[in-house]
Amino acid sequence: MNPGFKAEGHHEVAYGRAVLHLVFVVASSELLADLAKGQHTDGVIGGRGVHEGRSVQGFINAIPFREVMVPALQASGLWKLYQAGDSTVEAVRGVDLTITAGDMVAVMGPSGCGKTTLLNILSGIDEPTSGAVLVNGEALYGISDNARTDLRGRAFGFIFQDFNLLPVLSAVENVELPLLLLGSSANHARQEALEALGRVGLSDRADHRPSELSGGQQQRVAVARSIVHRPSIILCDEPTGNLDTGTSRNVMDLLRSMNETEGTTFLIVTHDEAIAAQCQRTIVMNDGLVVKEQLAEMNEEE
Ligand code: ADP
Ligand code: MG
C-alpha cells in the first residue's frame, strides 16, 4: 500500500438505501477499491449525495462514510420502568444505540433482559419512561399520537415469533393490512400484497388461511406483510423461535436477501447464534443494559 496515493474522480456508491455521488480523494489504492465496493470509505474528503431525498454532503477526511448518513434508528438515554404491584421493574436502564441504515443487527441476551421492551420502545409501541428515539432522523416521541402512528406505519415492518397473523383472514388479506391502514386503495393493496407473497414464494397460497399453512409458510406470510409497504426498518422478535432449523434457515435467507437487495435495515432479537452470525453486528443485553457489541468479521470474499 502506498499511503501517498491519491485518486480523484467521480464515483457512484450504493450503500443501503443511499446512492452517493462522491467526488473523492482517497489515501490509498486499497481505499479506492473498497470505495468501489461500497464498503470502507475512510479517506473520502469531499462528497455529495442523496439519502432518502435528503442531500448529504460535506465529508471530512477520515470520517467513515457510514457515520455521515442519517441513522435508521438512534436512541439515547432510554429507560423503561414497569410498576408491578408494589415493586418497580427496571426493564431498560439507560440504553444508547445507533443503528446504521442498511445494517442487519442481532440483539441477544437472556430471557427477561429487556430485548422485547427495547424493540417496542424503538418502534413506538411502548413509550419509554425517559429518553429519545429518532427514526430516520425524525423524533418518535414528543409528537402527537397520530403523527407517531403514521411514522410507525410508514417506517416499520414487524415479524414476531408467533407470526401474529389474523386467523380469520386469508394470507393475502393479512399481507395487505399494513397498506390498508396507511390508506391505500383496496385495489392497490391487493396488487402489492400479491406481489409481496410472490417474493416470499407463496403466490399459490394467497387464499389460504393461516391454519391451512405450515409454520414456515405462516412466517413467510408474516415476512410478506412486513415488507408490503416497503418500510425502511424491519423489527423481528425471535422470528425463527417457532421454526425448525431448515425452515428457520429459509426465513433467514429471505430476510438477508431483503437486506441485500433493498437495503432494508433489520433489527433481529434472537437466541440463535447461527442467526446472529449472519448479521453485521450483534448487540448483547443483560439486565436492561447493552453490555457488549460485536461487529462481524469482514468476509474478504464478499
Ligand atoms: P426479553 O424480551 O429480553 O425476554 P422483556 O423486555 O420482555 O425481556 O422483559 C424485561 C423485563 O420487564 C422482565 O423482567 C419482564 O418481566 C418485565 N416486563 C416486561 N413487560 C412488562 C409489563 N408490561 N409489566 C411489568 N413488567 C414487564
Ligand atoms: Mg422477548
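Mentor: Let's take the ligand and then a pair of helices.

Mentor: This is a predicted model, where local features need pLDDT of at least 70, side-chain atom pairs count only at pLDDT 80 or more, and totals for chains, interfaces and linings use all residues. Residues are numbered from 1 along each chain as its sequence is written, while chains are lettered from A and ligands numbered from 1 in the order in which they are written.

Trainee: Which residues surround ligand 1?
Mentor: Among them are Tyr 82, Ala 84, Val 89, Ala 91, Lys 115, Thr 116 and Thr 117; a residue is near if its C-beta atom, placed from the backbone, lies within 6 Å of the molecule.

Trainee: And where does the largest share of that shell come from?
Mentor: Three residues come from α3. β5 (73–84), β6 (87–99) and α3 (115–122) each supply at least two. Helices (H or I, at least four residues) and strands (E, at least two) are DSSP runs, numbered from the N terminus.

Trainee: New topic: at what angle do α7 and α8 pack?
Mentor: Helix α7 (residues 215–227) and helix α8 (residues 245–262) pack at about 15°, with axes 9 Å apart. Axes are lines fitted to C-alpha atoms, for helices over the stretch in contact, and angles run from 0 to 180 degrees between N-to-C directions.

Trainee: What does that make their orientation?
Mentor: α7 and α8 are therefore roughly parallel to each other, a label for angles under 35 degrees.

Key:
Angles under 35 degrees count as roughly parallel, over 145 as roughly antiparallel, 65 to 115 as roughly perpendicular and the rest as oblique.
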